[in-house]
Amino acid sequence: YLSALLTLEKNGLVPIDRSLTNREVLGRVPATHPVHAHLQPVVDTFDDVWYGIHEPDGQTYTAYLHAIDELESLAQRQVQEAQP
């Protein structure tokens with residue numbers, strides 16, 4: 001998640017503000033932006049695991065890795081498409 005967050009920050013898709021919670025970062029991405037739909041489940045899973053609500057099983061972990069890869073790929077595509 002932190003790697004994906006850094007990719008999003010580097011590409012100007014989320015604010016660089018260490019005081020923001022994950023939910024606040026998500027809230028700064030417009031709901032209509034393609035990244036939002038991919039970021040929300042990543043934030044949900046991260047917060048559930050980080051705050052001890054759920055421990056991921058193998059299937060959840062594999063799905064999460066895939067979601068992170070998708071998010072990073074989407075972030076990079078968004079920036080490439082925005083360049084002239």
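Which residue with a positive phi follows helix 3? That residue is Gly52, with phi near 75°. Helices here are DSSP runs of H or I with at least four residues, numbered from the N terminus. Before going further, please keep in mind that this is a predicted model, in which local features need pLDDT of at least 70 and side-chain atom pairs count only at pLDDT 80 or more, while totals for chains, interfaces and linings use all residues. Residues are numbered from 1 along each chain as its sequence is written, and side-chain values use heavy atoms, with hydrogens and water left out.

Let us begin with helix 1, residues 2-10. Its buried residues are Ala4, Leu5, Thr7, Leu8 and Glu9, where buried means under 20% relative accessible area, exposed means over 50%, and partly exposed lies in between (1.4 Å probe, protein chains only). Just after this helix, Gly12 takes a positive phi of about 70°.

The whole structure holds three salt bridges, and Arg23 takes part in a network of them with Asp44 and Asp47. The side chains of Arg23 and Asp44 meet at 2.5 Å, N to O. This pair links distant parts of the chain, with Arg23 in helix 2 and Asp44 in helix 3, 21 residues apart. Arg23 also forms a salt bridge with Asp47, where the closest N and O atoms are 3.7 Å apart. Here too distant parts of the chain are linked, helix 2 through Arg23 and helix 3 through Asp47, 24 residues apart. As for accessibility, Arg23 is partly exposed at 40%, Asp44 is partly exposed at 27%, and Asp47 is buried at 9%.

Besides Asp47, the buried residues of helix 3 include Val35, His36, Leu39, Val42, Val43 and Phe46.

Beyond helix 3 we come to Ile53, in the loop between helix 3 (34-50) and helix 4 (58-82). Ile53 has 53% relative accessibility and so counts as exposed. Together with Trp50 and Tyr51, Ile53 forms a nonpolar patch on the surface, with about 430 Å² of accessible area in total. Such patches are made of residues with over 30% relative accessible area and no salt bridge, with like charges joined within 9 Å and nonpolar side chains (Val, Leu, Ile, Met, Phe, Trp, Tyr) within 5 Å. The areas come from the Shrake-Rupley method with a 1.4 Å probe, and for residues only the protein chains shown count as cover.

Finally, let us visit the largest pocket, whose volume is about 270 Å³. Of its 14 lining residues, the closest to the centre are Tyr1, Leu2, Leu5, Leu20 and Asn22. Helix 1, helix 2 (22-28) and helix 3 each give two or more residues to the lining. On a 1 Å grid over the protein atoms alone, a pocket is an open set of points where a 1.4 Å probe fits, with protein on both sides within 12 Å along at least five of seven lines, and lining residues have an atom within 4 Å of a point. Grid points are joined across faces, edges and corners, and the volume is the space filled by probe spheres set on them.

Methods:
A salt bridge is a side-chain nitrogen of Lys or Arg within 4 Å of a carboxyl oxygen of Asp or Glu.
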